[in-house]
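Morning, everyone. I've got one structure to show you today, and I'd like to walk through it with you piece by piece. Here it is on the screen.

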Amino acid sequence: MGNGVWHEVVIVLFDGMQSLDATGPLEVFAGAARAPGARYRVRTVSVGGKTVVCSSGLGLVPSMAVEEVGRVDTLVVPGGEGAHDPDALLVGVVRELAGRAARVTSVCSGAFVLARAGLLEGLRVTTHWRHCARLAAEFPGLVVEEDAVFVRSGRVWTSAGVTSGIDLALAVVEEDLGRAVALELARTLVVFLVRPGGQSQFSTQLAVQVAERVEVRQVRYLVDADPGADWSVAKMAARAGLSVRQFSRVFTAGVGCGPGRYVERVRLEWARRRLEEGSTSVEEIARGCGFGTGEALRKAFVRRLGCSPSRYRERFWSGAVEDVNGGAG
């Protein structure tokens, strides 16, 4: 990208879109454009260059009309209410731009626009968890992955809900400019750097439903705050003031998984972050998060993430790369 040729990023704006679906990736690509050697040029476009009104009521003024667009390297299609049943004009515009693009991406329900444009047939895709079932039903030729932050299928990248557009954009930047640039951007934006390869979404606090019963919420907060404590189902039930059977039933109904599985997820997320952040031994991390032994942690990692803790650290530890400004990241 440092050969003097601009990499043209085109973000399509339309009425009823969700503003963050566009502005999230926009901030990532705009930040990447300031990195040494980067040649990103980001354009927001709409039909006729008209101001669009987002689902929140916010008005956005594009940088140019879609009719003026020339080269397209990366196309970004946001989601929102206006993407659920897109009009023929929007679908046609996206189809035409995608035909010229080296990379086509969607955020949230923007996948519906790509699907109606005939760009997703036979591909692995994702969208907001609320809309995965509908996407699969309306377009049976797609393989819809419900637990992914983003999915890459060749030149087409689709992402889950709202802020996952930032994750996708960071992964694109990582591919184009390297991990050090993407990691520095993630730090600047105060977000996690999403890993390439369509890694499963693993933020337990975001993935679970909000428990309706206060007893369940209180137990979840306790587990989140101290995952290394003894959280047997019996002890959690006692803290909630319920019988084991009743607690298991209401917890599963409110959270979407059983209490034992929830504890494992929280512990794995805690361990994952420790592995990313420093060089603490696997054994010490295992004891700190409640797995007890490194072998127990290894089995849980392999079962849930498909790799060992040591392999995960080799790939994702932030201290293993150089910072954009030089020195250890």
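This is a predicted model: local features need pLDDT of at least 70, side-chain atom pairs count only at pLDDT 80 or more; totals for chains, interfaces and linings use all residues.

The average pLDDT of the protein chain is 86, and 88% of the residues score at least 70. There are two stretches I'd ask you to treat with care. Over residues 194-211 the pLDDT stays under 50, and the model has 50 contacts there beyond four places in sequence. Residues 318-329 also stay under 50, with 24 contacts of that kind. So much for the caveats.

Now the overall numbers. We have 15 helices and 11 strands in the protein chain. It's 329 residues, and 50% of them count as buried. If you take the contacts with a separation of 6 or more, 62% are between residues 24 or more positions apart. As for the surface, the protein chain exposes about 14800 Å², with carbon and sulfur atoms supplying 51% of that.

Okay, on to the sheet. What's the strand order? Reading across, we go E5-E2-E1-E6-E7-E11-E10, seven strands in an open sheet with mixed pairing. Strand E5, residues 64-65, and strand E10, residues 150-153, stand at the edges with a single partner strand each, so one side of each has no neighbour in the sheet. As a reminder, strands of a sheet pair through backbone hydrogen bonds, either parallel or antiparallel.

Let's step through the middle. Strand E1, residues 7-12, pairs with E6 in the parallel sense over three bridges. If you want a landmark there, Val10 stands opposite Leu75 in E6. Moving along, E6 is joined to strand E7, residues 103-106, by four bridges, and those two run parallel as well. Val77 has Ser106 in E7 as its bridge partner. Then Ser106 stands opposite Thr158 in E11. E7 and strand E11, residues 156-159, run parallel too, joined by three bridges.

While we're on E6: which of its faces are covered? Both are. The strand covers residues 74-77, with Thr74 and Val76 on one side, Leu75 and Val77 on the other, and all of them buried.

Next, helix H1, which is residues 19-32. From first C-alpha to last, its 14 residues reach 20 Å, close to the 20 Å expected at 1.5 Å a residue. Its buried residues are Ser19, Asp21, Ala22, Gly24, Pro25, Val28, Phe29, Gly31 and Ala32. And what do the buried residues of H1 pack against? On the strand side there's E1, strand E2 at 40-46, and E6; on the helix side, helix H6 at 164-177 and helix H7 at 179-189. That brings us back to the sheet, with E6 and E1 paired to each other and both packed against by H1.

Now for the aromatics. Searching the whole structure turns up five aromatic pairs. One of them is Phe247 with Phe251, a tilted pair, 5.5 Å centre to centre with 50° between the planes. Both residues lie in helix H11, residues 244-255, four residues apart, about one turn of the helix. Are they buried or exposed? Phe247 counts as buried at 0% relative accessibility, and Phe251 is buried as well, at 1%.

Phe251 has another ring to talk to. Its centre and that of Tyr262 are 5.6 Å apart with the planes at 70°, so this pair is edge-to-face. Put together, Phe247, Phe251 and Tyr262 form one aromatic cluster.

One last stop, in helix H9, residues 214-225, where you'll find Val216. Val216 is buried, with a relative accessible area of 1%.

Key:
Residues are numbered from 1 along each chain as its sequence is written. Side-chain values use heavy atoms; hydrogens and water are left out. Buried means under 20% relative accessible area, exposed over 50%, partly exposed in between (1.4 Å probe, protein chains only). Contact means heavy atoms within 4.5 Å. Accessible areas come from the Shrake-Rupley method with a 1.4 Å probe; for residues, only the protein chains shown count as cover. Two strands pair if DSSP finds at least two bridges between them. The expected span of a helix is 1.5 Å times one less than its number of residues. pLDDT is the predictor's confidence in each residue, from 0 to 100. Rings of Phe, Tyr and Trp (its six-membered ring) pair if their centres lie within 6.5 Å; planes under 30 degrees apart count as stacked, over 60 as edge-to-face and the rest as tilted.
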